[in-house]
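Q: I would like to learn how to read a few features of a protein model. Could we go through them one at a time?

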Amino acid sequence: MTLAVIGSRALDGLQAPEVQVEVHLANGLPSFTLVGLADTEVKEARERVRAALVNSGFAFPHNKRITVNLAPADLPKESGRFDLPIALGILAADGQLDAAKLARCEFAGELSLAGELRPVRGALALALGAGRSGRDRPLVLPAASAREAARVTDAQVHGAAHLLDVVRAMQPGDAAEPLPRAVAPEAVAAASAPDLADVRGQAAPKRALEIAAAGAHSLLMVGPPGTGKSMLAQRLPGLLPPMDEAEALASAALQGLAPGGFDAQRWRQRPVRAPHHSASAAALVGGGVPPRPGEISLAHGGVLFLDELPEFPRRALEALREPLETGQITISRAARQASFPAAFQLIAAMNPCPCGWLGAPAASGRSCRCSPEQIARYQGRLSGPLLDRIDLQVEVTLVPAADMLAQPAGEPSAAVAERVARARERQRTRQGAANAALAAAQLDEHCRLDAASARFLEQAAKRFGWSGRSLHRVLKVARTIADLGGAEAIAVVHLAEALQFRRALLSA
């Protein structure tokens with residue numbers, strides 16, 4: 001046989017479309033040609049495959065014209081995951097392996113020059129693609145990647161350490177040595193998160209943090225340096241409920257696409273991303289060729305903390321507007337388009353002015369030296385449309401040292417997390433999602449107001465000149481406050497508290 005077809009998968013965003021690796025051996029001048037929109041990493045597979053086959057004891061067809069086609073031809077192929085299917089295709093086309101048995105499996109793996117299989121990027125995404133395809137075809141991966149992909153219960157994943165292991169498994173009849181079914185590593189107990197009890201005072205910001213956790217709302221904290229804004233943000237993950245299976249798989253698959261890969265020890269732990277304020281728009285939302293996920297997608301299902309928010313490039317901040325609204329980001333290029341989930345919870349912190357001391361009490365010995373124009377220019381770095389999309393905006397004030405030392409420890413995270421879990425359960429039972437994810441069409445059903453509450457909200461909207469989006473955001477926050485209190489209906493007291501968390505900035 002001179003033609004062999006081996007199944008594999010590429011990566012297109014978070015999708016894993018099927019790829020047919022077609023290998024043809026023909027007479028003629030010896031050559032090794034690889035076609036099918038292959039990236040440089042894939043084209044280099046020619047040398048890796050040649051050395052791996054020879055060093056594994058197989059006869060390489062040096063006297064043949066070898067043509068490898070990666071179909072479909074219009075789908076970009078990148079990384080070394082096609083080394084293994086190319087090597088198997090050459091062996092099958094040369095008659096050294098049974099092509100019919102190979103056709104019943106899918107393969108992905110990078111080969112070393114000695115024939116060892118090295119882990120591949122995006123193993124979970126490959127397994128998710130194989131599971132969604134509905135085909136009953138085992139997916140063969142390098143051992144380390146197979147353990148990661150084994151968390152996808154819909155896919156049958158097998159691991160191999162060496163090219164010889166795969167070849168032995170593909171032998172006919174009783175000569176075959178089946179590859180073991182991959183087993184996912186046991187989950188590691190999550191490290192204890194910082195406790196909210198460590199934060200002395202700051203009752204309003206801690207309440208805002210609890211509301212944000214209960215309804216998956218975005219939060220902006222404004223205050224002078226050293227007031228505890230970063231300290232509060234670090235304690236949000238400890239208040240959030242654990243991830244369910246679907247959330248954990250989506251989050252792990254996205255992190256598996258990043259250069260660092262997915263850390264198996266963080267399975268079912270909500271990701272926390274905190275990029276520096278020098279990050280570009282592409283670093284935040286994703287980009288490159290082919291498109292890779294950015295920080296907002298790597299924070300999917302978790303927390304994105306942006307400290308010193310006005311210091312981020314304006315273009316990067318404006319790029320957050322769409323994913324904050326839709327929970328998804330679409331990266332468009334001239335030739336390709338890729339979509340990534342980006343349902344993150346934004347927690348941001350900023351100073352009220354360039355020097356940072358606007359509003360500091362006289363007893364602190366600090367005073368603001370910024371002019372009104374400088375303050376307006378600094379706060380104006382955050383556009384109205386972006387602020388409109390931030391549900392909670394709270395002021396974090398300086399606490400005098402004497403008061404801080406005299407105050408007892410605050411409420412522990414465990415007690416707050418219990419209330420948050422009860423509120424999230426009410427939301428899941430009522431509407432199947434967190435309050436922050438309520439669509440406009442669902443507000444009339446789940447955020448009904450009585451006559452007094454409607455009049456109060458109407459007066460507040462007129463006084464502060466709210467947009468329709470701001471009005472909806474206040475309703476969602478009030479719904480969360482009612483859920484924390486165990487109330488079935490939204491009352492004036494819930495709306496009044498929600499109103500207090502929209503007034504941290506003059507420009508808000």
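A: Begin with strand 10 and strand 18, which run parallel and are joined by four bridges. Leu 220 has Gln 393 in strand 18 as its bridge partner. This is a predicted model, in which local features need pLDDT of at least 70 and side-chain atom pairs count only at pLDDT 80 or more, while totals for chains, interfaces and linings use all residues. Residues are numbered from 1 along each chain as its sequence is written, and side-chain values use heavy atoms, with hydrogens and water left out.

Q: How are strands and helices assigned, and when do two strands pair?

A: Both are DSSP runs numbered from the N terminus, with at least four residues (H or I) for helices and at least two (E) for strands. Two strands pair if DSSP finds at least two bridges between them. Strands of a sheet pair through backbone hydrogen bonds, either parallel or antiparallel. Here five strands form an open sheet with parallel pairing, in the order 11-14-17-10-18. Strand 11 (272-273) and strand 18 (392-395) are at the edges with a single partner strand each, so one side of each has no neighbour in the sheet.

Q: Which bridges join strand 10 to strand 17, and strand 11 to strand 14?

A: Strand 10 is joined to strand 17 by four bridges, and the two run parallel; Val 222 stands opposite Met 350 in strand 17. Strand 11 and strand 14 (residues 303-306) are also parallel, with two bridges, and Val 272 has Val 303 in strand 14 as its bridge partner.

Q: Are the side chains of strand 10 buried or exposed?

A: Buried means under 20% relative accessible area, exposed over 50%, and partly exposed in between (1.4 Å probe, protein chains only). Leu 219 and Met 221 point one way from strand 10, Leu 220 and Val 222 point the other way, and all are buried.

Q: What lies across these strands, and how are the angles defined?

A: Axes are lines fitted to C-alpha atoms, for helices over the stretch in contact (heavy atoms within 4.5 Å). Angles run from 0 to 180 degrees between N-to-C directions. Helix 8 lies across strand 10 (219-222), strand 17 (345-350) and strand 18, at about 165° to strand 18. The axes of helix 8 (residues 203-215) and helix 18 (residues 413-431) come within 8 Å and cross at roughly 35°. Among the residues in this contact, Glu 210 and Ala 213 belong to helix 8, and Val 416 and Arg 419 to helix 18.

Q: How is helix 5 covered?

A: Eight of the 11 residues of helix 5 (residues 123-133) are buried, including Ala 123, Leu 126 and Gly 129. Among the elements they pack against are strand 1 (3-9), helix 6 (143-149) and helix 10 (245-256). Just after helix 5, Gly 134 has a positive phi of about 80°.

Q: What counts as a salt bridge, and how many are there?

A: The criterion is a side-chain nitrogen of Lys or Arg within 4 Å of a carboxyl oxygen of Asp or Glu, and the structure holds 33 salt bridges. One of them joins the side chains of Arg 135 and Glu 18 (3.0 Å, N to O). Arg 135 is in the loop between helix 5 and strand 8, and Glu 18 is in strand 2 (residues 18-26), 117 residues apart. Arg 135 is partly exposed at 45% relative accessible area, and Glu 18 is partly exposed at 23%.
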